[in-house]
Every structure is written in C-alpha cells, then in structure tokens.
Amino acid sequence: MPKFNEPVAPHSANLSYEQLIQGWPAFEAQILALLETLDLADKALVCDHVALRVNSIASADALRDAFSRIGKIISDNIINGRTILIIELDTPLTLGQFSIACVELPYPSDKVYPQEGWEHIELVIDSKAKDCDTLSQDLLVLCPTLCPLLNLGLSPLPQSEQTAESEHSRLPDLPSLAEIKVKMSSPKGDKERLANPTIAFKRGNICIKVHPHGIKAVIASEQVSEC
C-alpha cells in the first residue's frame with residue numbers, strides 16, 4: 001500500500017491526462033485507507049466529485065481539453081479569485097465502492113502545490129447545515145468516532161469565525177489520527193447562493209472533504225442566481 005506522503009501522480013512541467021490515469025491506483029489506495037481510518041468507509045455516503053491540483057495554466061488547459069473529449073464542462077466559476085471547472089464524465093471513475101461522475105479542475109493560483117495530480121474527493125452527507133458547527137454535529141451523529149478529530153466541546157469555533165478557515169490538530173494520544181489535519185471552511189463561488197460548509201480531513205498529499213450539498217446542487221444554485 002502506498003505511504004501517506006507518496007506522490008499520487010508523477011510530477012512534470014506539464015501534467016498530462018495520461019499521468020493522471022497512471023496515478024489513479026495510488027490515489028485510490030490512499031483515499032480508501034483514509035476512509036477506513038476516519039470510520040467513513042461503511043457509511044454509504046455519496047462521492048459527488050474528485051478534485052486535482054495543477055501548478056501551471058498549460059497543464060490546466062491541456063487537462064481541460066482532455067476531459068472535454070470524455071465529458072462536458074457543466075460549471076465554469078470563479079472561487080477565491082481563480083477559475084474552477086467541473087467536468088461531468090461520460091463514464092464515471094471508480095474508486096472503491098464509489099462511482100464518481102464529476103472532476104473538479106481548478107486553474108492555478110499564486111499557491112504552488114508540492115505535488116500535482118489527484119488531491120481529494122468530496123462526500124455528501126444528509127444534513128441541512130449552513131455552518132461548520134452544525135455540520136460537525138451532524139457528522140458526529142453519523143460517525144461518533146470522529147469526536148476527537150472535530151474537537152467539539154474542547155475548542156468550539158466562535159460565532160464570528162464560522163465562515164473562516166480554521167485548523168485543528170489531532171489529539172496526541174490517538175496514534176491512528178495523529179497524521180490527520182482538519183480544516184473547516186465555507187467556500188463560495190461568485191454565482192453561488194447555496195451555503196455549503198465543508199469539513200476537510202487531510203493526511204499527507206490527499207484529502208477527504210464532507211459537505212451537505214453535492215456539486216450539481218451547487219451548480220443549480222448558480223443558475224438560479226442568473227435568472
């Protein structure tokens with residue numbers, strides 16, 4: 001099994017679609033291992049999309065062209081100042097028990113990623129949460145073993161910081177969780193009208209994000225805002 005800090009796709013000046021496909025098995029193994037650690041593997045959740053990271057516009061343009069040949073762009077939005085595309089694939093990707101219909105392709109920002117390639121999946125849970133505190137509590141109902149990670153009751157987020165990103169360290173007496181970082185945020189595109197708080201669990205170069213609304217519901221909210 002790949003180590004947690006093992007690259008999930010080869011690095012090059014311009015990341016190609018072929019390199020992404022070659023990196024999929026390692027990415028899949030790492031994601032499945034993280035799902036097991038988080039006790040989320042057997043919760044029958046929906047994986048609405050998978051996301052990757054690139055460091056050059058040339059790579060993003062090449063991948064846009066490649067994915068457009070095997071799917072269609074269903075969203076082209078500005079989030080946190082950069083273009084993010086959502087491509088719906090003609091044939092979904094398979095990751096363990098998940099069938100993943102959409103790929104998130106963000107164009108690069110000023111941040112340089114240490115590793116290009118597949119980076120995270122996003123899971124949808126049954127929740128009407130509009131902030132990260134409520135989402136955390138709904139997630140605990142589904143998976144109580146996440147309590148040490150979410151750190152609820154020990155260092156709750158102030159009301160004024162519910163829409164801001166916050167980092168939480170794992171408790172040191174839980175070895176299996178020690179390498180995982182938790183990040184809470186409420187990212188929102190310029191056209192979105194749907195609150196979609198997100199909790200991210202990151203280990204090494206890969207990440208699993210949890211939120212209450214799938215990507216197509218978010219895209220639908222963009223279209224409503226244009227009417």
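Predicted model: local features only at pLDDT ≥ 70, side-chain atom pairs only at ≥ 80, totals over all residues.
## The nonpolar core

The largest nonpolar core contains 49 residues. The residues with the most contacts inside this core are W118, I121, L123, L146 and F201. Helix α1, which covers residues 17–38, gives the most to the core, with 7 residues. In soluble globular proteins, nonpolar side chains tend to be buried together.

L146 illustrates how parts of the chain that are apart in sequence meet in the model. When its neighbours within four places in sequence are left aside, L146 is in contact with L38, L40, L139, L140 and F201. Among these partners, F201 is itself one of the residues with the most contacts inside the core.

## Strand β4 and its partners

On the one hand, β4 pairs with β1 in the parallel sense over 3 bridges; V50 stands opposite V103 in β4. On the other hand, strand β3, residues 82–95, runs antiparallel to β4 and is joined to it by 8 bridges. In that pairing, I86 stands opposite E104 in β4.

The strands β3 and β4 form a hairpin with 2 residues between them. G96 lies in the turn and has a positive phi of about 55°.

How many disulfides does a search of the whole structure find? The search finds 0. A disulfide is a covalent bond between the sulfur atoms of two cysteines. For C47, the closest cysteine sulfur is that of C102, at 9.9 Å; because a disulfide requires the two sulfur atoms to be within 2.5 Å, this distance is too far for a bond.

Is C47 buried or exposed? C47 is buried, with a relative accessible area of 6%. C207 also counts as buried, at 4% relative accessibility.

D39 counts as partly exposed, at 30% relative accessibility.

A44 is placed in the loop between α1 and β1 as well. Although A44 is not a glycine, it has a positive phi of about 55°. With a relative accessible area of 75%, A44 is exposed, because this value is over 50%.

Notes. Residues numbered from 1 in each chain as written. Heavy atoms only, no water. Core = buried A, V, L, I, M, F, W, Y, C linked by side-chain atoms within 4.5 Å. Buried < 20%, exposed > 50% of the residue type's maximum accessible area, 1.4 Å probe, protein only. Helix = DSSP H or I, 4+ residues; strand = E, 2+ residues; numbered from the N terminus. Contact = heavy atoms within 4.5 Å. Pairing = 2+ DSSP bridges.
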